[in-house]
Amino acid sequence: EGFPVLLSIALFLGMMRMMKRHVKVHNLSVIEKLGRTSVICFDKNDLLEVSQDEDIKKVIEFCQKAQIKPILMSVDEMLDLNMVKEFGILCEGDEILSGCELDRLSDGELLEYIEKIAVYTGVTMEHKIRIVKTWQRKRHVVVISGDGMKDAPILKVADVACAMGKTAKDVADITITDKSILSMMSIIKAGRGIYAHLIEMQSFS
């Protein structure tokens, strides 16, 4: 009977710790989901606008070590592959898929193929939503970042919606006030620590 109370206390303390990392948590339950994050989807333009190259490399390296799949989605048909490779998003065996190629895939084909795709080019908002929902069908927890209300549709379908700054905070679970993807990395690390603690608490309840 005491576990729900302990859970609430643990989540609240976790939220307070995150506030020290330039993060505002609007939805307490999302902290537990952060601990189970397995996919992060970045919009190329948003990523480049709010981040430095070295920061991007650090976050991608963290994702790979933590067994989190980083996904890059771009509205642009043409993409600088050297830049993508420099960031470390494309690993051995990873593939690039265009919006046109995505349209030709059935839902079943995409479900089977999606884990091989690390970069999407020429994608619309409808494409992005389809990508996220397909990952969710495979029982993955998907984090999405966005820096404007134009990102609202995709933020609404994410398991964890991160607003980079205050513009999209009304549809986000979390607002990263300094717009740094290093802060995003930090809260995922914190979420994993809190989730591990919750599992430990539950084992003793």
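Entry 1. I began with Lys 57, which has a relative accessibility of 23% and therefore counts as partly exposed, since buried would require a value under 20%. I kept in mind throughout that this is a predicted model.

Entry 2. I then asked which residue Lys 57 meets in a salt bridge. The partner I found is Glu 86, with 3.3 Å from N to O between the two side chains. I placed Lys 57 in helix H4, residues 53-65, and Glu 86 in helix H5, residues 81-87, so that the pair links distant parts of the chain, 29 residues apart. Glu 86 also counts as partly exposed, because its relative accessibility is 45%.

Entry 3. My next pair was Glu 115 and Lys 138, a salt bridge in which the closest N and O atoms are 3.8 Å apart. I located Glu 115 in the loop between helix H7 (107-113) and strand S5 (117-121), and Lys 138 in the loop between H8 and strand S6 (141-146), with 23 residues separating these distant parts of the chain. For Glu 115 I noted a relative accessible area of 42%, which makes this residue partly exposed, and Lys 138, at 29%, is partly exposed as well.

Entry 4. I went on to Lys 128, which forms a salt bridge with Asp 43, the closest N and O atoms lying 2.7 Å apart. Because Lys 128 sits in helix H8 (residues 125-137) and Asp 43 in strand S2 (residues 37-43), the pair ties together parts that are 85 residues apart in sequence. Are these two residues buried or exposed? I found that Lys 128 and Asp 43 are both buried. For the total, I wrote down a count of 9 salt bridges.

Entry 5. I listed the buried residues of H8 as His 127, Lys 128, Ile 129, Ile 131, Val 132, Thr 134 and Trp 135. As a reminder to myself, residues three or four places apart point the same way in an α-helix, because there are 3.6 residues a turn. Last, I noted that Arg 139, which follows H8, has a positive phi, near 70 degrees.

Notes
Residues are numbered from 1 along each chain as its sequence is written. This is a predicted model: local features need pLDDT of at least 70, side-chain atom pairs count only at pLDDT 80 or more; totals for chains, interfaces and linings use all residues. Side-chain values use heavy atoms; hydrogens and water are left out. A salt bridge is a side-chain nitrogen of Lys or Arg within 4 Å of a carboxyl oxygen of Asp or Glu. Helices (H or I, at least four residues) and strands (E, at least two) are DSSP runs, numbered from the N terminus. Buried means under 20% relative accessible area, exposed over 50%, partly exposed in between (1.4 Å probe, protein chains only).
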